[in-house]
Amino acid sequence: MLLLLLLLSISASPPDGQRIVTKVTEIIPKYGSINGATRLTIKGEGFAQGNQFNYGVDNELLGNSVHLVSEIRSIPCDVEKDASHATQIICYTRPMPEDTYIVQVIVDGVPVVDNNICKGLINNWKCSFSAKLFRTPTIMSIKPSSGLPGAVITIHGRIFTDVYGSNTALSSNGKNVRILRYILLISKHSYSRKVSFPQPSTYFISSLHKIAMFQTYAEVTSIFPGQGSIQGGTLLTIRGQFFDQTVYPARVLVGVLRRLVYILSHTGGRGLKLEVWNNSRPAHLEEVLGYNESTPGYMGTTWVDSASHFWPVEQERFVARLSGFLVAPDSDSYRFYIKGDDRYALYFSQTGDPEDKVKIAYHSSYANSYFSSNTQRSDVFHLQKGKEYYIEILLQQYGLSAFVDVGMFQCKNSYSEKQTGDAVNEEQIIQSQSTVVAEIQVITLVNWTTAGAINEVQTITVSSPCMDSNMCSDTQYRLIYNKEKTVMLPADAPGSALQSALNDLWSIKPDTVQVSRTEGNQGYVYSVTFISDRGDFNLLGYEAPEGNNVTVDVVELTKGKPSLDTFTLKWDGISSRPLKPWASGAEVQAALEELVSAKCPKKIAHFTEGFIVQYFRDYETDFRMEDNKRGQKTSETDAFCGRYSLKNPAILFDSADMKPSQHTYGAISLFPYHYLCLAYKGFLAHEIGLKFQYQDSNKSTRSTDKWLSFNFAEGNMK
């Protein structure tokens with residue numbers, strides 16, 4: 001028996017050196033809510049099982065953890081441990097934006113590698129989950145929005161379920177469960193796992209300045225005694241239900257209104273007195289202010305919970321009056337609005353005394369918007385927090401539907417439109433303007449005296465181990481003057497190579513240098529003489545590519561002295577060409593424009609149209625084409641050379657183009673002009689279009705358009 005148990009134990013465990021490979025094979029369902037609480041089933045192998053419940057120090061990584069990962073975010077999925085085992089993980093999603101997510105599973109601190117998620121196809125539909133608004137349980141409306149605790153409310157919205165009543169044997173999760181009734185949880189607290197996604201219109205801002213979907217209040221059922229001394233001291237007993245002093249202490253206010261006693265009791269005390277007179281047709285709506293219980297058609301008094309009220313369609317030809325007190329939630333500026341059907345008016349008392357009320361908003365016809373008429377809105381009032389203000393609403397109905405709705409706009413609020421339909425996002429338009437003022441600089445040459453020039457002399461010492469073996473062709477460096485760099489030079493370059501490289505720099509032109517080389521103890525020593533009346537030159541710099549074992553040392557041997565026959569201007573470290581002290585304004589302008597222009601290569605610097613070049617454009621001179629296919633002359637980007645280039649041209653040359661002589665170019669013969677050269681920047685279509693004429697074998701002249709494929713490189717090219 002002992003041997004049998006041992007054999008069974010051995011056969012139930014993986015062979016030595018082997019372990020179960022953790023895999024993810026599928027996620028169910030594929031779609032779910034953006035507001036969380038979607039129950040995901042992750043199928044696979046090798047998931048944590050027993051050690052999920054090993055809590056304590058050093059056990060934080062044990063068990064399963066799941067994240068849903070999109071291209072830009074990662075959101076945890078809360079694992080339900082008691083429903084998970086070696087081949088299945090159950091987790092509940094959290095609120096997440098609409099997107100498609102792949103699953104990332106970590107078992108005992110080790111992530112499942114991508115190759116083991118849907119056989120390496122991690123973006124496969126089987127291993128992805130999409131959060132969608134159309135798969136989100138939604139609450140559209142809650143009516144009424146307030147009431148006594150235990151009141152019945154009506155909720156409109158949508159849910160997602162495949163079982164309702166008893167029409168199927170099992171639900172999609174394989175369990176024999178039924179939906180018998182819905183339970184709505186209303187709480188002043190929020191939870192991380194959400195189910196429904198209420199529309200912003202279902203939220204409102206309560207009198208306590210909090211966002212709510214439903215608000216309860218206390219009920220006053222009786223007051224005893226019904227009368228007492230006008231001097232005070234009468235002990236009142238107020239009976240009712242749902243009195244609560246948990247958040248705020250109870251307050252009782254007794255006031256006289258229209259010879260009736262009003263009780264504003266408790267934080268939840270609320271309501272407007274509604275009076276209705278049937279078959280009443282006052283000539284002026286203001287007449288209703290004087291109506292009372294003795295006025296014909298009086299239907300009695302009811303209390304309503306809102307300044308928004310609707311009447312049944314069958315109730316016609318009546319007037320109504322709502323009256324009560326408003327308590328401002330904050331000290332702030334407020335504006336009142338009114339809308340309704342058929343005619344209506346709003347009265348307000350800033351003192352709280354009904355006798356001080358004045359009409360602040362009104363309208364004489366149907367309006368389903370607060371903004372149909374300017375008379376529907378009041379002026380701005382500054383109200384004090386906690387103070388009672390009296391309001392009175394009048395309505396006259398002629399026929400069909402009847403309603404009145406009063407809104408109050410508070411200027412300052414911390415909520416946004418996404419949080420509640422009661423909020424209005426502030427929009428600000430920022431306009432700015434500027435005046436461009438041209439900078440003016442004055443160049444004055446004072447006490448300008450010419451003298452004999454002294455040429456600048458600098459020595460360059462170059463040393464490298466390659467000189468011992470005379471193999472320096474691959475050990476290179478380059479010289480730098482005023483940010484401009486020479487070509488790469490070998491460590492043992494002859495003096496003529498340095499001289500040619502320096503004379504190619506535009507920052508030295510039109511001056512030149514002479515270079516001689518001698519052999520020193522540590523390497524080669526180059527003597528660089530600047531042939532110039534400019535005088536002092538900045539010290540040459542150098543750079544060597546990484547991996548080149550070369551050392552360069554530059555020393556000023558003779559400081560140059562100018563002759564002052566010319567002067568140069570410097571802008572952002574770049575020197576202009578030499579200018580005479582008596583240079584004209586045009587010459588100075590041309591020198592400054594050269595500083596903001598790209599230098600043209602030697603090969604094209606002096607091109608002009610003639611026998612060798614049939615057509616040439618650098619766009620520096622005047623260039624105007626009425627046809628927008630010819631592009632736009634611009635200096636908004638650096639040109640290949642000069643200051644200007646052509647932006648987005650579709651046609652570069654047309655035989656009808658005019659020469660400076662005002663004659664057309666005509667057709668250009670492909671012999672001897674068989675080259676097309678251009679410099680460009682950006683992204684061109686990989687083809688060139690040509691229109692040309694030719695003679696066929698029968699000596700007949702033919703014309704054709706041809707698009708030639710050409711792979712244009714991207715960037716700045718020529």
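Me: In what order do the 6 strands of the open sheet run, and what is their pairing?
Reply: The order is 22-21-24-29-26-27, and the pairing is antiparallel. A strand is a DSSP run of E at least two residues long, a helix is an H or I run of at least four, and both are numbered from the N terminus. This is a predicted model, in which local features need pLDDT of at least 70, side-chain atom pairs count only at pLDDT 80 or more, and totals for chains, interfaces and linings use all residues.

Me: Why do strand 22 and strand 27 stand at the edges?
Reply: Strand 22 (298-304) and strand 27 (358-363) each have a single partner strand, so one side of each has no neighbour in the sheet.

Me: How do you know that strand 26 and strand 27 are paired?
Reply: Pairing takes at least two DSSP bridges between two strands. Strand 26 (residues 343-349) is joined to strand 27 by 5 bridges, so the two antiparallel strands qualify. Within strand 27, K359 is the bridge partner of Y347.

Me: What makes C77 and C91 a disulfide?
Reply: Two cysteine sulfur atoms have to lie within 2.5 Å. Those of C77 and C91 are 2.2 Å apart, so they pass. The link is right-handed, with 90° about the S-S bond. C77 sits in strand 5 (residues 74-79) and C91 in strand 6 (residues 88-92), so the pair ties together parts 14 residues apart in sequence.

Me: Why is the pair K483 and D572 called a salt bridge?
Reply: A salt bridge needs a side-chain nitrogen of Lys or Arg within 4 Å of a carboxyl oxygen of Asp or Glu. Here the closest N and O atoms are 3.9 Å apart, so the pair qualifies. K483 is in the loop between strands 32 (476-481) and 33 (484-485), and D572 is in the loop between strands 39 (570-571) and 40 (574-575), so parts 89 residues apart in sequence get tied together. Both K483 and D572 are exposed.

Me: What makes E26 and K30 a salt bridge?
Reply: Their N to O distance is 3.8 Å, so they meet the cut-off. E26 is partly exposed at 22%, while K30 is buried at 11%. The structure holds 18 salt bridges, including a network that links K273, E275 and R321.

Terms used
Residues are numbered from 1 along each chain as its sequence is written. Side-chain values use heavy atoms; hydrogens and water are left out. Buried means under 20% relative accessible area, exposed over 50%, partly exposed in between (1.4 Å probe, protein chains only).
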